[in-house]
Amino acid sequence: MKIADKDTRAVDLVRKALDKAKEFEEYNVFISLNDEALKKAEEIDRRIAAGEKVGRLAGVPYALKDDFLSPEGKTTAGSKMLENFRSPITATAVAKLETEDAICLGRTNMDAFSHGASTENSYFGPTLNSRDKTRAAGGSSGGSAVAVALGIVPFALGTDTGGSIRQPAAYNGVIGVRPTYGAVSRYGVIAMSSSIDTVGCFATTADDADLVMGVMAGRDEADATSLDDFWSAEPENKKLRVGVIKDFMNSADGEVLKCTNDYIDKLKGLGHEVSEIEMPTLKYGLAIYYVVQSAELASTMMRFDSIRFGRQAENVKGLDDLYTRSRDEGLMMENKRRIMLGNYVVSTGLYEKYYLKAQKARTLLMAEYDRAFEKFDVLLCPTTPSTAFKLGSKTGDPMEMYLEDLMLASPSMAGLPAISVPAGETTEGLTVGVQLVGPQCSDRSLLKLAKETM
């Protein structure tokens, strides 16, 4: 470690990162920068000079998606509702990084409450794509993806429900890790859909992603869904059986398909066994996802009522007016759309027709994956069906926007680890990602495979 070896100073790293954040200010990456970052860097340098022990990430600046709670700055979740909210607690994932002396540079832009796939649904305006400022960064963790892609920080945290890490990773040419459900504690992270949400990261190398995820992983008494630490187990050193999901290959655009096939050829050249697999249940994954996710989302959003949490409208006339106007002013249109959809699918007379049926179909989806992993170690497909789209081109058509999650929703519903790996560029210079999916707790094997191909 260069800082621990006194080859460089934490202050220099943080100051350089802050300078880059200001240089790329037009991309709208950060909602806020951390006023305490340089002070923390100075303290780490002092400890090193005094011969004191420092953590594995000592002095390394990172970006934090603005749905992680910590007392440093405001946690807005990209919304007007929480624009002045200061958290009294620190998310477990953040606390573990800070225990290893990583330094939060700032909080990154996101779709409000993670409801979106482009970071255009942010109260603070859209984040721009790192390769083309006329295109979307992806979402909902778009700010974190662009922070890494522009070289402002070596890694950034995000949350992934239906693809909110993997899709912007593909759009910006970086690694995006969605871990096995429960691998990292979700305590202190503003929930979207509690049975699907995961905490992951963006990085420029597989080794960096592996290190960061290893720091955050493990059991947390504050999160009953968290798993015992499996990250310390070394992945097997063997040639893998890779199944290419034919159903999704047929849905990809021409240049995305070409980059994906080039990546497949690279795997074959490394000696891995590659063949196609048909998984017909996966075509229902997106519908299953939006029914279950919306139902859970409607429940989690009830807490933001302006009484317990959130800003209050002014000059209200009674309690009903307070609730109605505060939520109307504090929530984005996409938030309202998803709340309405979620309440609809669990309403009297429709619960069995939609929500219960979706949960049964989710079980069939999991069984499809179980059968696939009897034959294959890893499944592969494009991360997204196309490259980053033009800003504003899909905001008027929610269904078109939801289709961005076509290849991402199914692994999420099964609780599987899935990562997006850079797979090349189009003739326009836009980046393409390939998604690698493995059985539960095979996260490090996926990152090992990613490392071989980068």
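Predicted model: local features only at pLDDT ≥ 70, side-chain atom pairs only at ≥ 80, totals over all residues.
## Helix 9 and helix 12

Two packed helices are described by the angle between their axes and the distance between the axes. Helix 9 spans residues 285-300 and helix 12 spans residues 351-372. Their axes come within 9 Å of each other, and the crossing angle is roughly 130 degrees. Helix 9 is therefore oblique to helix 12, since angles over 145 degrees would be needed for roughly antiparallel and 65 to 115 degrees for roughly perpendicular. The crossing of the two helices is left-handed.

On the helix 9 side, the residues that meet helix 12 are Gly285, Ile288, Val291, Val292, Ala295 and Glu296. Their counterparts in helix 12 are Tyr354, Tyr355, Ala358, Gln359, Ala361, Arg362 and Leu365. Sorted by class, the contact of helix 9 with helix 12 has nine nonpolar residues, two polar ones and two charged ones.

## Salt bridges

Side chains of opposite charge can pair when their charged atoms come close. The structure holds 35 salt bridges, and three of them are described here.

Lysine 336 and aspartate 328 are joined through their side chains in a salt bridge, with an N to O distance of 2.7 Å. Both partners are partly exposed: lysine 336 has a relative accessible area of 22%, and aspartate 328 has one of 46%. Elsewhere, salt bridges with shared partners connect Glu43, Arg46, Arg47, Glu52 and Asp101 in one network.

Two members of that network, arginine 46 and glutamate 43, form a salt bridge in which the closest N and O atoms are 2.8 Å apart. These two residues are three positions apart in helix 2 (residues 37-49), so about one helical turn separates them. Arginine 46, at 40% relative accessibility, is partly exposed. Glutamate 43 is also partly exposed, with a relative accessible area of 35%.

Aspartate 305 is buried, with a relative accessible area of 7%, whereas arginine 308 counts as exposed at 57% relative accessibility.

## Serine 410

Serine 410 is located in helix 14, which covers residues 409-413. Its relative accessibility is 0%, so serine 410 counts as buried.

Setting aside residues up to four places away in sequence, serine 410 touches Phe248, Leu282, Gly285, Leu365 and Tyr369. Two of these, Gly285 and Leu365, also take part in the contact of helix 9 with helix 12. Gly285 is on the helix 9 side of that contact, and Leu365 is on the helix 12 side.

## Glutamine 440

Glutamine 440 is in the loop that connects strand 11 (431-437) to helix 15 (443-452). The residue has a relative accessible area of 48% and is partly exposed; the cut-off for exposed is over 50%.

Apart from its neighbours within four places in sequence, glutamine 440 is in contact with Thr180, Ala414, Gly415, Leu416 and Pro417.

How values were computed. Residues numbered from 1 in each chain as written. Heavy atoms only, no water. Axes fitted to C-alpha atoms, helices over the stretch in contact; angles between N-to-C directions. Helix = DSSP H or I, 4+ residues; strand = E, 2+ residues; numbered from the N terminus. Parallel < 35°, antiparallel > 145°, perpendicular 65-115°, else oblique. Left-handed = near helix turned anticlockwise from the far one by under 90°. Contact = heavy atoms within 4.5 Å. Nonpolar A, V, L, I, M, F, W, Y, C, P; charged D, E, K, R; others polar. Salt bridge = Lys/Arg side-chain N within 4 Å of Asp/Glu carboxyl O. Buried < 20%, exposed > 50% of the residue type's maximum accessible area, 1.4 Å probe, protein only.
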